[in-house]
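Here are some notes to go with your first look at this model. Please read them with the structure open.

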Amino acid sequence: MEAPTLDQKHKKKHLQNSYIKKTFPVLGMTCAACAVSVESMLKSAKGVHNAGVNYANQTAWAEYDETVKEEELQNVIRGIGYDLIVDAEDPQQIQQDAQLRHYKELKKRTIWAVILSIPIVVIGMFFMDLLYGNWIMMALAIPVVFYLGRSYFINAVKQARHRKANMDTLVALSTGIAFLFSAFNTIYPEFWHQRGLHAHVYFEAAAVIIAFISLGKLLEEKAKSNTSSAIKKLMGMQPKTVNVIIDGIAQEIPVSQVQVGNIIVVKPGEKIPVDGMVSEGSSYVDESMISGEPIAVAKTKGEKVFAGTINQKGSFEFKAEKVGGDTILAQIIKMVQDAQGSKAPVQKLVDKIAGIFVPIVISIAILTFIIWMLAGGEAAFTHALLTSVTVLVIACPCALGLATPTAIMVGVGKGAENNILIKDAESLELGHKVNAIILDKTGTITEGRPVVTDMIWNNTTTDQVLNKQILYTMEAQSEHPLAEAVINRLKEESVTTVRLAYFESITGKGIKAVQQGMQYFIGNKALMDEYGVSVSHDLLIQAEIWQEEAKTVIYFSNEKSGLAAIAIADKIKTTSQEAIETLQSRGIEVYMLTGDNKQTAAAVAKQVGLKHYKAEVMPSDKANFVKELQSQGKTVAMVGDGINDSHALAQADVSIAMGKGSDIAMDVAKMTLITSDLNMVPKALKLSGRTVNTIKQNLFWAFIYNLIGIPIAAGVLYPINGFLLDPMIAGAAMALSSVSVVSNSLRLKTAKL
């Protein structure tokens, strides 16, 4: 085969560039098999070159020719029972509305299934001999099984088309057969009476299974509906309108109309709409969204500013450099969306087992019928029908359906008792496997706000009360983000203000004031040197020690000499070291990532006993580090509190947010620690292990009855002692397995974390 020429390669590349690639929300997908159907139909559509479906975030992408109309793709998908949202102003909103409608519909169906099942259970268990009891139960079971539970039958058919079987197959099969068998026994009880047998009914089994499984699906849908709220909040960080200078006049325009090169005015307290460079004025900007650091950054002419960050007290103008999808905020939104969607939902253990179990049960039931027909003698058909139905009844998935949701519900409750909010069962299923954990520094290991850790005064200073009042008054008028830490410290000492004759802010160095003819300064060493202020040897030595501990040092002086040195730092939480030691003692690798400088990162790592850390990392670097660890086969947990952590949180296998952190971090994360105490992390991982063990025990109890009961139901004891299992006893065994499962799950409540 000849190698393609340069011209052919260029032509192919040109063709690829002319394709349109677009992502569309999909409605109506309820299982992984649905996603397979949508993907295969899109790929086979005329003019489509490639396509893919993301089941986790309910979207599909297609790469197609310019000649293809979006409506054509929509019609292809509608033809197989789903829908593609095209040509909409806000497709995400339409998808959310549809999901909300689906959730409300499922909630209504579940409530009605429970209401109608209660009288069926009461009659079936306590009033079996009630006149017309079977007819009443059948009348109540019809809407439960065939209307409220219709989705299980529809999904079972879809699975069968793909030659697969899952929980829905088991539900549809067992409830359908239990109902039809019971309906036959209600309408023609003589069939059994003539053969000396009682006509049993299993309407309560069919109805209760639908009610229980619907309840489990409802909980799953509720958890799924939370994933998009984080994206909405991130999108809300960009202002809707901006003030742009056009022909020397400030005009308000929508942010979508901002173009590269526009001059934009930012007032105090406003969010910065797009990425750019300061052209006039100065201020401090809160960039914690990007760096995670709580201290606002000084911005003067020539400095870069980013969309979504918040301006503090000053005002400035800047030139737009990146707009729309090119801004850092837009990239963070896209990365969070991709990370949330790239993880396929954990294939439920129950579905895996059901995939093997269903074909085996069906095969055993068919085999039982055939053997009885061949070797059953006179009553061959009676015994064949009775035994094969008994096999299917005893294999009913009631306990199987309860095994996971009951353990998860108790596990979630146990977490809440210990200040651990769990939003998604996936994190409970994966937590015990975690062998690498990444901690953000600011707000996770540390308190997340600067405080004065030390303050020493020059021994020769006279009238310290007045000096503290001057210091307090100057800092109260300062715009510097560290000023608040000093104010809070002096407030504790009940320091009052004095009147200043003059006040001036010196950008990048500090502040200057005059009180009773004397000049006073607050700032860094460069400011002291500039004004010829003499700082004592003792203060300088102490400042050096503080700087080695990664603390920020500022000086307070009059025009002659330094009066005080103040150390400001983001304090390490009292529980951080203990939590890190606990995690490391369990063989978990612990890493610290921070947007802060190397010196600060090294000092914090040393104090808490961490060997692995990285400094000066951007939000995307954090997520890439998570991917790097995952590529090494590690199960990674990420603990963070800021918007800058949201991409890494979405990428991690287990994501944990601090309760005092940003709303976005809490929305993206699958777990939230209400108290922001790192000691809760080892507890959360331990709870995961306990919950998973409970699920496995539940599955054992759910199956032990089947393993013993199915052969007996099939009639293996008949040749030995003439015993045939009554379908009523089969129903009781099924109920007993459900009781065992629920009781075992409740044991989790007493577990010690």
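1. A term comes first. Buried means under 20% relative accessible area, exposed means over 50%, and partly exposed lies in between (1.4 Å probe, protein chains only). At 58% relative accessibility, Tyr132 therefore counts as exposed. Tyr132 sits in the loop between helix 4 (91–126) and helix 5 (133–148). Its phi is near 60 degrees, a positive value in a residue other than glycine.

2. Some ground rules. This is a predicted model, where local features need pLDDT of at least 70 and side-chain atom pairs count only at pLDDT 80 or more, while totals for chains, interfaces and linings use all residues. Residues are numbered from 1 along each chain as its sequence is written, and side-chain values use heavy atoms, with hydrogens and water left out.

3. Now the whole chain. The protein chain has 29 helices and 26 strands. These are DSSP runs numbered from the N terminus: helices are H or I with at least four residues, strands E with at least two. Of the 753 residues, 50% are buried. The accessible surface comes to about 35800 Å², and 56% of it belongs to carbon and sulfur atoms. Such areas come from the Shrake-Rupley method with a 1.4 Å probe; for residues, only the protein chains shown count as cover.

4. Contacts along the chain. Contact means heavy atoms within 4.5 Å. Among contacts in the protein chain with a separation of 6 or more, 69% join residues 24 or more positions apart.

5. Ala550 is not a glycine, yet has a positive phi of about 65 degrees. Ala550 lies in the loop between helix 21 (537–548) and strand 20 (552–558). Is Ala550 buried or exposed? With 16% relative accessibility, Ala550 counts as buried.

6. Look next at Met289, in helix 11 (residues 288–291). Met289 counts as buried, at 2% relative accessibility. Leaving aside neighbours within four places in sequence, its contacts include Met237, Ala307, Leu329, Pro619 and Ile643. Met237 is 52 residues from Met289 along the chain, and their C-alpha atoms are separated by 9.9 Å.

7. Gly124 belongs to helix 4. Its relative accessible area is 6%, so Gly124 is buried. Not counting residues up to four places away in sequence, Gly124 touches Met137 and Glu204. Gly124 and Ala205 are 81 residues apart in sequence, with 9.2 Å from C-alpha to C-alpha.

8. How do helix 18 (residues 464–477) and helix 19 (residues 483–492) pack, and at what angle? The angle is about 140 degrees, with the axes 9 Å apart. Axes are lines fitted to C-alpha atoms, for helices over the stretch in contact, and angles run from 0 to 180 degrees between N-to-C directions. Helix 18 and helix 19 are therefore oblique to each other. Angles under 35 degrees count as roughly parallel, over 145 as roughly antiparallel, 65 to 115 as roughly perpendicular and the rest as oblique. Lys468, Leu471, Tyr472, Glu475 and Ala476 of helix 18 meet Ala483, Val486, Ile487, Leu490 and Lys491 of helix 19. By class, this contact has 7 nonpolar, no polar and 3 charged residues. Here Ala, Val, Leu, Ile, Met, Phe, Trp, Tyr, Cys and Pro count as nonpolar, Asp, Glu, Lys and Arg as charged, and the others, Gly among them, as polar.
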